[in-house]
Amino acid sequence: MYARRRHTYFVMMGTCIVLFVLACAVVRLWSVPVAVGMCVVAMVIPPFAAMVANRRGPDDRWWDDPSGDPESDAWWDELDGKKGHGPR
């Protein structure tokens, strides 16, 4: 899952850079409004790329880290099926 998100992030950011460079170097020679539109689209891509890269997938288990409270950790371990019954 991590490799797929990383790949998607780099594709989106590469698209952003290509749009910006083409708008500034090539498209502005023919149409400034189209070049500005391409820059606006390139400006919107990075926040979405960050959301894609930082999204938690269904296999990512962020709650596996211990909280420091032994009773709470034992309760969560029991719910996840990791250990037997903890302190009650």
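Val 18 is found in helix α1 of this predicted model. With a relative accessible area of 46%, Val 18 is partly exposed. Its C-alpha lies 9.9 Å from that of Met 38, a residue 20 positions away in sequence. Met 38 is one of the buried residues of α2. The chain as a whole holds 3 helices and 0 strands.

**Overall layout**

- Along the sequence the pattern reads α-α-α.
- The chain has 88 residues, and 15% of them count as buried.
- Among contacts with a separation of 6 or more, 44% join residues 24 or more positions apart.
- The chain exposes about 6800 Å². Carbon and sulfur atoms supply 67% of that area.

**Helix α1**

- Helix α1 covers residues 2-25, which makes 24 residues.
- From first C-alpha to last, α1 reaches 34 Å. That is close to the 34 Å expected at 1.5 Å a residue.
- Arg 5, Cys 16 and Ala 23 are the buried residues of α1.
- These buried residues pack against α2.

**Helix α2**

- Helix α2 spans residues 32-54, and Val 32 has its place there.
- The end C-alpha atoms of α2 are 34 Å apart. Its 23 residues should span 33 Å at 1.5 Å a residue, so the two values agree.
- The buried residues of α2 are Ala 35, Met 38, Ala 42, Ile 45 and Ala 49.
- The buried residues of α2 pack against α1. The α1 set, in turn, packs against α2.

- Leu 19 sits in helix α1. Leaving out residues up to four places away in sequence, Leu 19 touches Met 38, Val 41, Ala 42 and Ile 45.
- Met 38, Ala 42 and Ile 45 are among the buried residues of α2.
- Leu 19 and Met 43 are 24 residues apart along the chain. Their C-alpha atoms are separated by 9.5 Å.
- Phe 10 is also found in α1. Phe 10 counts as exposed because its relative accessibility is 52%, and the cut-off for exposed is over 50%.
- Phe 10 and Ala 49 are 39 residues apart in sequence. In space, 8.1 Å separates their C-alpha atoms.
- Ala 49 is one of the buried residues of α2, whereas Phe 10 is exposed.

- Val 32 is exposed, with a relative accessible area of 52%. Val 32 belongs to helix α2.

**Cysteines**

- A search of the whole structure finds 0 disulfides.
- Cys 16 is in no disulfide. The nearest cysteine sulfur to that of Cys 16 belongs to Cys 39, 9.3 Å away.
- Cys 16 is buried because its relative accessible area is 11%, and the cut-off for buried is under 20%.
- Cys 39 is in no disulfide either. The nearest cysteine sulfur to that of Cys 39 is that of Cys 24, 4.3 Å away. A disulfide would need the sulfur atoms within 2.5 Å.
- Cys 39 is partly exposed, with a relative accessible area of 25%.

Methods
Residues are numbered from 1 along each chain as its sequence is written. This is a predicted model: local features need pLDDT of at least 70, side-chain atom pairs count only at pLDDT 80 or more; totals for chains, interfaces and linings use all residues. Side-chain values use heavy atoms; hydrogens and water are left out. Helices (H or I, at least four residues) and strands (E, at least two) are DSSP runs, numbered from the N terminus. Buried means under 20% relative accessible area, exposed over 50%, partly exposed in between (1.4 Å probe, protein chains only). Contact means heavy atoms within 4.5 Å. Accessible areas come from the Shrake-Rupley method with a 1.4 Å probe; for residues, only the protein chains shown count as cover. The expected span of a helix is 1.5 Å times one less than its number of residues.
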